[in-house]
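Subject: Handover of a structure and its analysis

Dear colleague,

Please find the structure below, followed by an account of what was found in it. I would be grateful if you would read the two together.

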Amino acid sequence: MNKKASGTFEVKMQPLWQSEQTEGATLGRMSLDKQFSGDLAGTGQGEMLSAVTTTQGSAGYVAIERVTATLHGREGSFVLQHTGTMTRGEQQLSITVVPDSATGQLAGLAGRLAIGIADGKHFYDFDYSLPEGA
């Protein structure tokens with residue numbers, strides 16, 4: 001059965017090493033620290049690798065983030081895999097639960113998370129499922 005969760009989050013990103021200028025792109029590595037509020041309440045920690053090209057609005061990133069939280073009253077943790085590209089300002093983003101990464105009352109969790117930013121605030125919509133009886 002598919003369920004939906006929504007809310008807000010705050011994120012802090014810190015460089016983990018000096019960005020590297022290469023031909024055609026600047027490569028970076030950042031730490032992610034998030035605080036989720038709403039239907040998903042808890043924290044997320046992870047790392048992001050990025051490439052920003054010399055073309056305005058074109059970039060890419062990948063990240064792995066471990067979330068420890070309560071989701072609609074169920075406690076546990078899970079891992080999110082992020083893949084994002086931006087082509088001259090047009091964004092494509094995929095954030096999915098890594099299969100079999102969930103623990104505790106969230107064991108068996110599957111789903112996709114979408115994020116948005118409006119007026120400087122971050123929002124999430126999480127479409128997910130849990131096994132029957134969970």
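Is F36 buried or exposed? F36 is buried, with a relative accessible area of 2%; buried means under 20% relative accessible area, exposed over 50% and partly exposed in between, with a 1.4 Å probe and protein chains only.

The model is predicted, so local features need pLDDT of at least 70 and side-chain atom pairs count only at pLDDT 80 or more, while totals for chains, interfaces and linings use all residues. Residues are numbered from 1 along each chain as its sequence is written, and side-chain values use heavy atoms, with hydrogens and water left out.

Overall architecture

The protein has zero helices and nine strands, in the order β-β-β-β-β-β-β-β-β along the sequence. Helices (H or I, at least four residues) and strands (E, at least two) are DSSP runs numbered from the N terminus. The C-alpha trace spans about 55 × 25 × 25 Å along its principal axes. Of the 134 residues, 31% count as buried. Among contacts (heavy atoms within 4.5 Å) with a separation of 6 or more, 44% come from residues 24 or more positions apart.

Aromatic pairs

There are four aromatic pairs in the structure. Rings of Phe, Tyr and Trp (its six-membered ring) pair if their centres lie within 6.5 Å; planes under 30 degrees apart count as stacked, over 60 as edge-to-face and the rest as tilted. The rings of F9 and F36 have centres 5.7 Å apart and planes at 40°, so this pair is tilted. Because F9 belongs to strand 1 and F36 to strand 3 (residues 25-38), the pair ties together parts that are 27 residues apart in sequence. F9 is also buried, at 5% relative accessibility. Ring pairs link F9, F36 and Y124 into a cluster.

Nonpolar core

A nonpolar core is a set of buried Ala, Val, Leu, Ile, Met, Phe, Trp, Tyr and Cys residues joined through side-chain atoms within 4.5 Å. The largest one has 19 residues, of which L40, L71, F78, L109, Y124, F126 and Y128 touch the most other members. At least two residues of this core come from each of strand 1 (2-15), strand 5 (59-71), strand 6 (74-87), strand 7 (90-97) and strand 9 (121-129). Beyond its neighbours within four places in sequence, L71 contacts A5, D39, L40, L106, L109, F126 and Y128. Y128 lies in strand 9 and counts as buried at 3% relative accessibility.

Largest pocket

The largest pocket holds about 510 Å³ of space. Of its 23 lining residues, M48, Y61, Q91, L93 and I115 are the closest to its centre. Pockets are found on a 1 Å grid over the protein atoms alone, as open sets of points where a 1.4 Å probe fits, with protein on both sides within 12 Å along at least five of seven lines; lining residues have an atom within 4 Å of a point. Grid points are joined across faces, edges and corners, and the volume is the space filled by probe spheres set on the points.

Loop residue S58

S58 is found in the loop between strand 4 and strand 5. At 12% relative accessibility, S58 counts as buried.

Yours sincerely
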